[in-house]
Structures are given as C-alpha cells and as structure tokens.
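Thanks, everyone; let me put the model on the screen and then take you through a surface feature, a helix and some ring contacts.

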Amino acid sequence: MSATPYDAIIVGSGAGGAATAYRMVRGGLRVLQIEKGTHLPVDGSTLDVERVVHRGEFLAREPWVDGRGGALEPEEHINVGGKTKWYGAALLRFSAADFSAEPAYGCRGWPLTYDDLAPYYAEAESLLGVRSLAAEPGLARILGRLTGPRSPWQSASMPMALAPEIERFPREAAHFDGFASVQDLKGEADRSLIRLLADDAGYTLLTGADVVGLCAAPGTVKRITGVRLADGREFHAGCVVLAAGALHSPRLLARHLDATGLANTLPMANNVGRNLKLHLLTALVAIGARYQRDLIRKTRLLTHRDYPHSSAQPLGFDGELIATLIPAFVPGLMRRALGARAYGFFVQTEDGSDPRNRILERRTGTRVERVLDYDARRLDSAAREHRRFTRALQRSLLAAGLLGLGKRVGLAGTAHACGTLVCGADPRDSVVDADGCVHGLSGLYVADGSVLPRSSRVNPALSIYAWGLRIGARVAGQLHRPQHATEALS
C-alpha cells in the first residue's frame, strides 16, 4: 500500500476513467481523479446550435498536423465526463466474434473473450440506464420499405442511455446527439458514475489540472508512482491509470519512455501510439417528400448481410441540424426546407489496425508538434466495404423514395478514436496486457479506448466503460482496503 493519501491516480474522466474510478472507490481504494477540463455550464449553452455546431465553442481547439503536415483540429472535448457528455448515447456491446482476430480484414484479436467482459457490460448498462426505444412513425415507415423477409437489410433495437422522461423536454430530445444535456437526461460518465462518488471520502476530483508527465520511483524508472502537472505539482499513489483518451494517453507514456531511455529497451515501446482506429464514417442525409416529425430518431441499428463490418444508425438530429449537413451552396431557405423532409444516418465501418496509422509528438527545441497520421487507403478491405455499404444504402433509400446524399467524416472526426495503446499478450506487438497493465512497467494501467484491438462496427463507448469497470475491479482486488470497502463486484 502507498504511504501517500491515494491508492490510485486516474488521468482523465471520460468513459474509461470514470468507470475505473467508480469501481476502485466502491472497492475501498482512495482515488484521485485528475481532469484537464472543468465542469460544463448548465445555462443551456451546451444545447445551442449556434454555439455548439457553428462556433464550436466547447471544442478543445488543439492544433495538430496530419501525416502530410497539414493543419488539423481534432474534434476533442476537454471537460469533466469527456466525450461522453457529448455523445449520442448509443451504447452497444461488441459481439463475441469481435473479440477474435480476422487477419484478412486487418483486425487484431483481444487477449480476452466476450465472456470475460460480459458481467462488466451488464454493470455498465445498469449504471447508465441503457434501454431500448420503439421506432417512431417516420423511421418505422422508412425501415418498413428497406427491410423484410427477402431483404438483405436487418434492423435491430438500438440500446440507448436516454432517460424515459426525455420526450417531455423537446429541446433536449432534439439535441442530445452531439450536445450536452442540461437536465441530466443522458447516461454518461459524469452523471452516472462520477457524481455517485461525490460524497465518498475515498474520492477526490481535481479539475483544471493538466498532467504533462509520469513520475517514477527513486532508483527505478520502470515503477510508476505518480504524475506531474503543468504547474509543477506532483501527486503520488500506489498506481497510475491513464484514461485521457486515445489521442492523449499515448503521448504521456511516450514522454516517459523517451525521457528515461526505455523507448530503446522495452519491446512494447515501438507500439505506443500505433494502430490508431477512427472508424470509416459517412454522414448521410436521406431526403424525401414527406415532413419528418420524429423526435428522438436514433432508435434502430441497420445492418446488411453482405457487409459484416458495417452499420448505419439514424442521427438524433432534427430538421434544423440536418440542414447543417446539406451542402453550403444550397440556399439557406432551401436547406431548411430539405432538412425538414430528411432523415440523417451515421454510416460506420470497422477500419482494422495498421501500425502506420498512429499519433505521436515531435519536439524541436521547445516546440511540440502533435501528429495524427491516418490514411484509410492503408486499410483497403475496410475502405472497399465502406464504399459498397454506403452505396447499397443509398440505392435502397432511393428505392424507398429518399435521395441519400453522403459526406465522409474527415480526420477531425475523432469521436471513436481507439487502439493507440493496444492490449495483447505479447509486448512485441502490444502495449498493455489483458489486465490493462503496461508491459514492462509496474504501477501503470490504461483504462480508455486506447486499449481496443478492434473497433467493431458499432460505437465503442460501452466497451470502454466495461473495460474500465474490469480494470478498476481487478486493481481494487489487488490493493483492497477492507476497512473502507463499500461494495464488492457481484
């Protein structure tokens, strides 16, 4: 046990960080959670289309460059709860097959099985209030034309973390996908996990604090004992958990490896930041003659039997928001008129792993350049399936009386970023083991989407929550403080 006030320090408060903190504190550990951002305002500004969409007031605005040196601003959010405050609340489990390797498609396997994660999936669903919603009339009409006994299209219920009373708040119901709830009507890391710990003496949340480095025990750079902040402060604990996200956690680890010379000696070091996955994404607007009056919209998942790595889900966008996806050359009044008659779909395809797709930092003197080097052309099978799946959906929508206009989501769309500290059994081709511990180091764990070997064809958030709960439970079991334990994992 650590002689410091904390048993564990967690860097970041998104899905993985919040889940890990919850399970550790409930397991009796003293936890310090450090978040670079602060709490979001509750004045209604996070539901304002102008401020959120057009001005991007709540984005991190960090300057990056792509693999060719072009300027890039990833759509990252730095606040308590991380991206989960802004996500569309779709929380789907990966399938059992998603835990196996698929070399022909470029997919790595997990070092654990679906059954290993299943109890944590169930716990996350319970904590977040995940439920199924019935398809509303407009969507049911569209799906009725697409699906059927002889159709290659299948429609399944979309598990959603939306409060049952959300329909009584039309502004929230029409602005939950890509917006932060003011009335706490969405299950997310802050509302569903962090706030449950607020009155626990074993939990401390430090906000507005930027972690810039890791601290090692005296005499051994392989034993991580704390973190260093940008203002010079240091905090120490029995272990440190990285949960700052797939674009940020790898950079913290890489700094330590470079500063200590471990980058040249540890087999896992060459994998840090590599195997970045973003999903191949297309926003598709389906325009018809009928006004669309559905409120929630995001209630069903659409798949095709010929494209096993792809899916489409309705966007939780009303006509006003869908109009922002229609090309700018269309006059404003016409865009709004078309938006009122349109349904939005979010098309995503699993992109596999390629070590050339990576994030890193380049330092020149005092200048630091953040690099996001990702090229979908390195993933030929995924790129081909995404094109074909999108075209198949457009053809089927046209046959159903809707014109589908698609726009690819570019590199800035990092909502599903994962895989940059990939988990695996062999340190020669992975960074962390099946328990989230970094190969070759002690006292350092990873609990965010960085660990995911596969991105699946669905949103990764629930798998990140489940991974965090599992890591928190296992570390709490190792560092158990029975006099403070308040709950054990059933």
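I start on the surface, where Leu398, Leu403 and Leu405 form a nonpolar patch with about 280 Å² of accessible area together; patches are made of residues with over 30% relative accessible area and no salt bridge, with like charges joined within 9 Å and nonpolar side chains (Val, Leu, Ile, Met, Phe, Trp, Tyr) within 5 Å. A salt bridge here is a side-chain nitrogen of Lys or Arg within 4 Å of a carboxyl oxygen of Asp or Glu, and accessible areas come from the Shrake-Rupley method with a 1.4 Å probe, only the protein chains shown counting as cover for residues.

Before going on, this is a predicted model, in which local features need pLDDT of at least 70 and side-chain atom pairs count only at pLDDT 80 or more, while totals for chains, interfaces and linings use all residues. Residues are numbered from 1 along each chain as its sequence is written, and side-chain values use heavy atoms, with hydrogens and water left out.

Leucine 398 belongs to helix 10 (helices are DSSP runs of H or I, at least four residues, and strands of E, at least two, numbered from the N terminus), and at 55% relative accessibility leucine 398 counts as exposed, where exposed means over 50%, buried under 20% and partly exposed in between (1.4 Å probe, protein chains only). Buried residues of helix 10 include Phe389, Leu393 and Leu397, and after the helix comes glycine 401, with a positive phi near 95°.

Turning to charges and rings, the charged end of arginine 341 sits over the ring of tyrosine 291, 4.1 Å from its centre, the criterion being NZ of Lys or CZ of Arg within 6 Å of the ring centre and within 35 degrees of the ring normal. Arginine 297 likewise has its charged end over the ring of tyrosine 343, 4.9 Å from the centre, and tyrosine 343 is buried, at 0% relative accessibility.
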